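Opening my notebook on this one.

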Amino acid sequence: MPRLFFALWPDDTVRAALLRARAALGELPGRPTLKENLHLTLAFLGATDPPRRACLEQAAAALRIPPFTLRLDRYGYWRRSQVLWLGCGVPPAPLRHLVGGLRDAQQACAVTAETRPYAVHLTLFRKLRKPPGALRQMAVAVSWPVRDFALVASELDAAGARYRVLRTWPLA
């Protein structure tokens, strides 16, 4: 069964801005996220069988969330997982509603949902033992006009994970 997740998937303009934000950090000894894999996870679904996937797709299609702008304005680092990320200080209400709706869909479709509070983050580097010293003081501003969200499959190969968008839904 494929491993699936819901995500915000950047267009080429936003992807270029994300790559500039990553480049502003300089050369780091971690493993950078492949440019084609850059995304913001909304809900991780895990291995999902066809009936549950159909249920989740139907629930996703029923969500009514207005388009919004996501402002990614801070870098962060999680020591335990050795991940350097880009996030936002104040998540916009439509994003919180979208994540809440997707978590409700997981419950309705008998898919285990995350119980921790949602943390807005886009992974820039993995396996980074130590972040740059002045990470919290580094300025960053990526403006992402969010008009849709996607169902994505994670496929593993010898080079690592590759992500493939299976379906998208417009925000309305």
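Predicted model: local features only at pLDDT ≥ 70, side-chain atom pairs only at ≥ 80, totals over all residues.

My count came to 5 aromatic pairs.

I looked up F5 with Y163. They form an edge-to-face pair, with 5.2 Å from centre to centre and 85 degrees between the planes. That angle is over 60 degrees, so the pair gets the edge-to-face label. F5 sits in strand β1 (residues 3–8) and Y163 in strand β10 (residues 160–170), so this pair ties together parts that are 158 residues apart in sequence. I also checked the accessibility of F5: at 4% relative accessibility, F5 counts as buried.

Next I took W78 and W85. Their pair is tilted, at 5.3 Å centre to centre with 40 degrees between the planes. I noted W78 as partly exposed, with a relative accessible area of 32%. W85, at 10% relative accessibility, counts as buried.

Then a cluster turned up: ring pairs link F6, F149 and W169.

Last entry, T33. Where does T33 lie? I found T33 in the loop between β2 (31–32) and β3 (40–47). Is T33 buried or exposed? T33 has a relative accessible area of 13%, which is under 20%, so I put T33 down as buried. I followed the T33 side chain and saw that it reaches the backbone oxygen of T123 at 2.8 Å. Leaving aside residues up to four places away in sequence, I listed what T33 touches: R22, L38, T123, L124 and F125.

Terms used: Residues numbered from 1 in each chain as written. Heavy atoms only, no water. Phe/Tyr/Trp six-rings, centres within 6.5 Å; stacked < 30°, edge-to-face > 60°. Helix = DSSP H or I, 4+ residues; strand = E, 2+ residues; numbered from the N terminus. Buried < 20%, exposed > 50% of the residue type's maximum accessible area, 1.4 Å probe, protein only. Polar contact = N/O pair within 3.5 Å; in protein donor to acceptor, adjacent residues only side chain to side chain. Contact = heavy atoms within 4.5 Å.
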